[in-house]
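Please look through this structure with my notes beside you.

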Amino acid sequence: MVAIQGKTSSSSQASSVREVQFNNGELKPFASIDDSSFTPFAACTQPVCDIGKWLWARIGTSINYARKLSKNREVLRKKAHDLSLKRKDIVAEIERNPQKIATNECDDWIGKVQEMANKVNTIQSELNEEKRCVGGLCLDIFARIELGKRVVNLIDGTNELLDESKFERGYLVDAPVATVENQPDPPSTLAESANRTLNMVLGKIQHKSTLKIGIWGMGGRMIQEEVGQRLSVEITKGESDDRVATKLRQRLHGKKYLLLLDDVWNMVDLDAVGIPNPNQNNGCKVVLTTRKLEVCRQMETDIDIYQSEEDSEIKKSELIGYWRAEGILSREITLHEAHVKGHAILRALIDSSLLEKCDEDDCVKMHDVVRDLVLAMTSPKHLVRAGISSEKIPDAVEWEKATRISFINHDLRNLPESPDCPELLTLLLQGNGLLGVIPETFFNNMPKLKVLDLSRTGIESLPTSISKLESLRELVLSDCRFLKALPGVICKLSQIEVFKLQSSYRGTSALSDESTGIVAKELSELSSLSSLGFDFRRVGGEERDSGLPSAIQDVLRRSNCFGLRGHEKLSTLLDVGAHNTYELKSCVIRGCDVLQKIIDRNGLEMGAFPKLEVLLLADLPELKTILCLEMEEGALLPPLPPNANIFTNLKCLTLWKCPLIKQVFSSGFMVQQLSNLEALHVDNCGGLKGMIPEDEIVEHEALPKLSILCLLDLSEFDSFFKGVPMRWQSLEEVGIINCPKLRKLPFDTNSAPDLKEIGVGGNYQEWWDALEWDNDATRLQFQPFLTQY
């Protein structure tokens, strides 16, 4: 099966297809980076020259805000860190003197420091976003100037606070003796799921090493309805938060506490509140409940417990597909871009507990409380009976008002003859295995329908009224095992973008050879098609020896994404036709049992894959090389053609479960071609020995844009580039897990100036100590980046 992706050009009658997918090939998200800059120029003559100089001074100052933003960001980070340490020192000194309290001047200073910390945290988030935005090509020079100016102002403010921290007259005065009011235990009125969570918390909290526990999930009934009465502290009207914090800190000094924080939506700075942070010496504990996993991360909890309740699951890819078909995600972006954006939205919903993770990482589910609330808010526009076992058909009034209908796994056996659905956008009927017939006039009155999912139903055919669905963008007929024929009207679905007619099980399709050929031909005529899942093995009446059916090649030729899975005859990827690869930007190849090479000299001479950016090769038991420059045995090896180019735009290369490949790069020539490679992932390739054959030469400056390198489960891998140290000026992350024979990294003191992390699995320190280094200076330079996965 195949996946093809492209973007339709309004200025050309020639259609373009964004994605064709056979057997659920997946695309990895990928981001490209581009830089833009400008150099101002001014020319002037007297007296305009003086004015120009004055203007240039002001303009230059503004531009410096933007130009020096990265440097000033680091200055601000260092200054803010110094100020934080100073504040902690002063607070620690206050806590060490329980009979003393801070002066008003000190309280005011602590408050200012906290305000400054909040401002720095806020602008750091903006800076992180600005950095990602630059990578994503959304640079706004005026916004960057304004951001740079704010950074400079914060640096100045931080310096002032550091000067004020000297407190020449001291900052401690005598304090009254404090008492603590004990609070009773709350009543135990817990639901069964909450009670299980409570028992888990009680078990974890007994461990001395557990200091903070975060419980995240839907609110519902919590462990306690209230945090409880805080310490009895006299607070006067108008007293500052920092002053109150100081009082609380004094009352709790030297005492053990268990703090329960319920329904926390944002990070709580315990130190700013006046609660001494728990540590193994003071024996204090904090338990918090939150709907946002990010809160647990920000508060650095030691244990994160997810409280979940049962509900049905849905695949992320299906959900994102529905969003795009309905227009919730813009149709102007490619399928790949829609998947990236859709996954970002799903992560945000999961972190907010509006959706929940499933055991299968590619699925999500909705908490029943959230679902019921959404349905109550949207009724009667949303008609949902998913998962409810019933043969009863909703009445005509319900159909007429609905914009979205879901009868997933509903045990439906019949459908109304011709329901009037003027506003219906989405109709989900999948999983109704007893539904065998769709009435001939069923689709007559659904002019706005955009999504129709009939997968896993018992239908044997589709009615001709499906041609009335002129707005339909997604049609799913996967795993319809009894489907024997389709009407010859598929080509009339002019707006169709996603068409899936495939089986999860080989050999189970009942579709006739004649119908298969007709559908394949009609598919090539759909100018809006952007995603296709289709079993083409029997197109033409017999299984093909190699290559692809001509109808599929017509689609592939105008596509920028291609996925192939389970092809049993293909020995080289070039058999699909070099001319069919000219527009491809992404290529995913899985489970092709006899595939031995991706491209050879013929493909190089024909200029195959000139635009390819992503290449994923997975579960290929016979793959021996990616680029094969060798000729048949006995043939003379001709010189490479002049200006030969291959993979020059490739940015991401992934190899997984390719046991026969011995080197990632077959030659120094191939390494030279990969000047834009940014990410390299190699996983579970048991025969891989190194990056390049021993008789090949590689330059110190090779792979200049490589930023991510991950090597996992490579039992024979022992060498990068024969000991040649690599410059790798863009490298930021390195991951090495279970590579027992690797004894030397390709680094010297001039390597990887932007490195942030070397992640190692298992006994990482023992592995690190066993590495060989040219000198101690190199080892000491990279030691701080070592982390454990």
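The numbered points below take the rings and then the strands.

1. This is a predicted model: local features need pLDDT of at least 70, side-chain atom pairs count only at pLDDT 80 or more, and totals for chains, interfaces and linings use all residues. Residues are numbered from 1 along each chain as its sequence is written, and side-chain values use heavy atoms, leaving out hydrogens and water.

2. Rings of Phe, Tyr and Trp (its six-membered ring) pair if their centres lie within 6.5 Å; planes under 30 degrees apart count as stacked, over 60 as edge-to-face and the rest as tilted. This rule gives 13 aromatic pairs. Take F720 and W728: the ring centres are 6.4 Å apart and the planes stand at 75°, so this pair is edge-to-face. F720 is buried (under 20% relative accessible area; exposed is over 50%, partly exposed in between; 1.4 Å probe, protein chains only), at 4%. W728 is buried too, at 2%.

3. F747 and F782 are stacked, with 4.6 Å between centres and 20° between planes. F747 sits in the loop between β27 (733-737) and β28 (757-760), and F782 in helix α18 (residues 776-782), so the pair ties together parts 35 residues apart in sequence. Helices (H or I, at least four residues) and strands (E, at least two) are DSSP runs, numbered from the N terminus. Both F747 and F782 are buried.

4. Which residues form one aromatic cluster? They are F717, F720, F721, W728, F747, F782 and F785.

5. Strands β17 (residues 498-501) and β18 run parallel, joined by 4 bridges; pairing needs at least two DSSP bridges. V498 has S531 in β18 as its bridge partner.

6. Strand β18 (residues 531-534) is covered on both faces. S531 and G533 on one side are buried, as are L532 and F534 on the other.
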